[in-house]
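Work through the two exercises below with the sequence and the coordinates open, and try each task before reading its solution.

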Amino acid sequence: MIKKLLVVLLAVVSATVSFAQKIQSPDEFLGYKLGTQFTPHYRIVEYFKYVAQASKNVKLQQFGSTNEGRPLLAMFIASDENIGRLEEIRHNNLRVAGVESGPVITNVPVITWLSYNVHGNEPASSEAAMWTLYDLVDPSNAQTQAWLKNTLVVIDPCLNPDGRDRYVNFYNSVHGLSPDAYPTSREHAEPWPGGRVNHYYFDLNRDWAWQQQKETQARVGLYNQWLPQIHVDYHEQGPNAPYYFAPAAEPYHKDLTQWQRDAQVLIGKNNAKYFDQNGWMYFTKYEFDLLYPSYGDTYPLYNGSIGMTYEQGGIGAGLAVVNRSGDTLTLVQRVAHHHSTGLSTVETASANAQKFKDEFKKFYDNSRTNPPGEYKTYVIKNDNNNKINAMAKLLARNGIQYGFGLANKSVTGYDYMNGKTEAYTVGPNDLVVNAYQPKAVLLHVLLEPKTIIPDSNTYDITAWSLPYAFGLKAYGIKESLKPASAEWSIAAPKPLVNTHAYAYVSSWSSVADVKFLAALFKKKIKVRYAEKSFDAAGKTFAPGSLLITRAGNDRADFDQVVTQTAAELNQEVTPLSSGFVDKGSDLGSDAVRYIRQPKVMLVAGDGVNSEAMGEVWHLFEAQLGYPITLIRYQDIPRTRLADFDVAIFPDGRYDDFPSDKLQNWVRDGGRLIAIDNAVASLVDKKGILLKKKEDKKDDKDKDKTVKIYGDRDRDAIRGMIPGAIFKLNLDNTHPLGFGLPDYYYSLKMNDDIYELFGGEDGWNVGTIKKDSYVSGFAGATAKQKINNGLLLGVQPMGRGSVVYMVDDPLFRSFWENGKLLFSNAVFMVGQ
């Protein structure tokens, strides 16, 4: 009897354990087969939370949230032996990299990080993330459990929840009882701005290094706390393309190691094995290169990982679409492909775990002892505290070590501004970056003056050197020199107390000064600016300097509000006891202009480049804290323009441009700012005096050379500029150039250039001469065209003005120097 009871008891215990180990698949949890409908983000979160409770081999971490409040998650999956020692594994990995000090242990797993759905309307991968997670935690899956013995897997199920839900909500609201596979049916036509971008319409896959968006800041912050050996970024491409996986296309950045190249082949071949078995189409070594540093594949590569992009055909495909070959591509298929490469990558990591760990260590050992590039020390001249501070913060977010000043102050190095090797005396507050450090490769990629491009047919921009982006003078030095101090010696501005000033003066030379102006406006303080330089209180103040006068601000708390606002923003202001200046024009002269607080309108909607529009929106809301009204382009005819002082037209294709209405508004005192292709929309309109500079055509027969069909891609790039830096001559006496030197580095994305204004037609503020090219790829014909023309101009029109900005000054928000230039257009021009 006792024996029978024991048998029954053991059976019950066994059944209970078996039941406890049974984890629901995504299909079981969601109530439908993956791929038969799109899963809202909150349900993906629920499944990950469910698995975190049901499995003892995972740890779920919420590391941030989106602009719209959705959680950002990372699931860590490991073996019984490793799940309880995640912090030990993490710190050990940082010690291997040299980021932290301490003893290194060897019995640790290789770290494989899988990131899904960075573009919201590429949604198949988040569906696959749930399936991949299930296979890894399923205790009955002997294959995956064997991999986890030496592999730690991290899954980020959705990098862009806001964009994903924008797409999913759209699709779920328009599809019928069954998917319509006809490619031009409504369900395949996403409305503007589409789900690709995040809340502020930024492409998060271009933001890894710059970290302008809160999602990226949180994610890269977590990434740099781990530094995995392998990172995969999941995407989709057009529905007519098959599947893409590594190895990548040329160009490869020259700093990538041979192992990083070989590992891409190793992983790619294992992916191909499963695709071959299933008869799935795929390609490698084409289109997706490894150059631009801010992708989800290149950023990890420059941080010692094997970074890769996996691309499934499917953007706009919905649940099913008929592609160009006549086949029907379904979401079920797309999910299966992403699931396959996820498990295949983990398998390859496990089979080669020691090699991945050894090469990771070798990468960081070489970084610390033999950094790439000819320059071993970079010196960034501090002629603007705010810009230096902003650049230092960007370096810090990327884990790049820096300091200030040098013990030996006299150095000889490459001058970024003139391209010559010159002597330079280093100031105590100059930013100094020594290349002998763990992040040597990344710092070299971000700071090198000229990007070496082995292949010019690239997928993205080809120049981004931070000194040019920030507008800071810099020197590359071939010797290894250590900074004299970890901190700069500049004391924070001392708070002003018990002042009773005639006026306060503040600088105007960085976006921090614009933020101060916005804060004063918010507190109902009137502000003026100096059109010309003047001397007072023992200092020289440049054109554009802000003047906050008691006159016009007749309020008892005037001094308190100004000084407290300055203190809150760490802004230095100088009190003046008199309007009588030592040199220059007095404060009551016509050289001092009142800044009328502008009401700003930003054009959005169909035809507008959503990312370019998002840059402006984010600058105003998230960086300046200044109000802005978004108006759809199609609503301009019924918009009362008199309610606004400034209208901003970002890059876009503007059909039926309402030129007459806008010009009448400008003549009445409005300020129209046209950027990039919006400039082209204005050309040839009556009243617009700007003319596009056209190529001079020689003998027509000269172009009738015999062309080779196989060379057509190469021939096409002769007229291309996929993001190159050119140096402009800047008239900084004009309000559009206030706060900047007499030059400006512009990131050109095309060969557009305009004729110089003649006579009284307008102001040639930013002009370009021959030999103005600085860095990046520019095709021969494009480079020849860009000379002796205008890229920044202002046309007076009645009581208002039109500002032409041929190149986007806010590109991806990392072009820091352009933020002041753009702010001049908004706040200074036409006052």
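**Exercise 1.** Determine how many bridges join strand 3 to strand 4, and which way the two strands run.

*Solution.* Strands are DSSP runs of E with at least two residues, helices are runs of H or I with at least four residues, and both are numbered from the N terminus; two strands pair if DSSP finds at least two bridges between them. Strand 3 (residues 110-115) is joined to strand 4 by six bridges, and the two run parallel, with S115 standing opposite D156. The model is predicted, so local features need pLDDT of at least 70 and side-chain atom pairs count only at pLDDT 80 or more, while totals for chains, interfaces and linings use all residues. Residues are numbered from 1 along each chain as its sequence is written, and side-chain values use heavy atoms, leaving out hydrogens and water.

Next, strand 2 (residues 71-77) runs antiparallel to strand 4 and is joined to it by three bridges, with F76 opposite V154.

**Exercise 2.** Identify the residue whose side chain makes a polar contact with the side chain of T216.

*Solution.* T216 lies in helix 9 (residues 214-223) and, at 4% relative accessibility, counts as buried. Leaving aside neighbours within four places in sequence, T216 is in contact (heavy atoms within 4.5 Å) with residues including L204, D207 and W208. Of these, the side chain of D207 makes the polar contact, at 2.7 Å; such a contact is a pair of N or O atoms within 3.5 Å, where within protein one must be able to donate a hydrogen and the other to accept it, and residues adjacent in sequence count only if both atoms are side-chain atoms.

Conventions
Buried < 20%, exposed > 50% of the residue type's maximum accessible area, 1.4 Å probe, protein only.
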